[in-house]
Amino acid sequence: MLTATDLPDTLALFPLPGALLLPRAKLPLHIFEPRYLQMIEDCMATQHRLIGMIQPRPTPSGGGERLHVIGCAGRLTAMSETEDGRYMITLTGVSRFRILAEQTDTAMPYRQARVDWSDFASDLGHAERDPALDRDGFMALLNRYFEAMSLSTEWDSLKEAEDELLINALAMLCPFPPEERQALLEAPSLTTRRETLVTLMEFAMRGGRGAESNDRMQ
């Protein structure tokens, strides 16, 4: 397990709309762009093997790609290479971070930034609990949401999951748009994330929007 002293001051960034990584959760990714293939190779050469997952921010003017300030670093814990040179990787969430400044004097083809970890020290601890979780009520809401969105899942696995695994897995897998995923990422506690998740599911069932994709829940 990484400690605060293992976390680097500079982090390679992987901007990916709609991708949400949370501490201790796993995110599989398919890497094929040349700049990100190099990022993976450079990451493997470091001791920490960390990549910063970050979401782009919408820009009404259309000029350049801005980034959200808060992302989550994942440790490269699995990698395989396909015959045509692509990488299939798994990132395991370590800690959220705050971007201080992007580096503009780098020769690397991917983005890098100076980051600060101090606001998220609890991410490096043990799995969180949600003492206020009404599991029966939450599962009933989840069942209604899945039916409304025409989603399916393994209910027995969800019922047996610990608080953090249950809430974070749903936050990562439910088909919410990028800005709502960002709100889930920035939630200061597991209880707050669950409350945000409930609000988003209720909003969707009231007709706020349809599901973006059912594929993620299969």
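**Note on the predicted model: pocket, strands and cores**

1. The largest pocket holds about 450 Å³ of space. A pocket here is an open set of points on a 1 Å grid over the protein atoms alone, where a 1.4 Å probe fits, with protein on both sides within 12 Å along at least five of seven lines. Its volume is the space filled by probe spheres set on the points, which are joined across faces, edges and corners.

2. This is a predicted model, in which local features need pLDDT of at least 70 and side-chain atom pairs count only at pLDDT 80 or more, while totals for chains, interfaces and linings use all residues. Residues are numbered from 1 along each chain as its sequence is written, and side-chain values use heavy atoms, with hydrogens and water left out.

3. Lining the largest pocket are 20 residues (those with an atom within 4 Å of a point), and Leu 20, Lys 26, Leu 27, Met 172 and Leu 173 lie nearest its centre. Strand E2 (26-31) and helix H4 (163-173) are the elements that give two or more residues to this lining; H4 gives the most, with 6. Helices (H or I, at least four residues) and strands (E, at least two) are DSSP runs numbered from the N terminus.

4. Strands E6 (residues 70-81) and E7 (residues 87-102) pair in the antiparallel sense over 11 bridges; pairing requires that DSSP find at least two bridges.

5. On its other pairing, E6 is joined to the antiparallel strand E3 (residues 50-54) by 4 bridges, with Leu 50 opposite Arg 75. E7 pairs with E8 in the antiparallel sense over 4 bridges, and Arg 98 stands opposite Asp 116 in E8. E8 (residues 112-116) also runs antiparallel to E1 (residues 10-15), with 3 bridges between them; Leu 11 has Ala 113 as its bridge partner.

6. The largest nonpolar core has 51 residues, of which Ile 31, Phe 138, Tyr 145 and Leu 170 touch the most other members. Helix H2 (residues 135-149) gives the most to this core, with 7 residues. Apart from it lies another core, of 15 residues, including Leu 11 and Phe 97. Such a core is a set of buried Ala, Val, Leu, Ile, Met, Phe, Trp, Tyr and Cys residues joined through side-chain atoms within 4.5 Å, buried meaning under 20% relative accessible area (1.4 Å probe, protein chains only).

How values were computed
Buried < 20%, exposed > 50% of the residue type's maximum accessible area, 1.4 Å probe, protein only.
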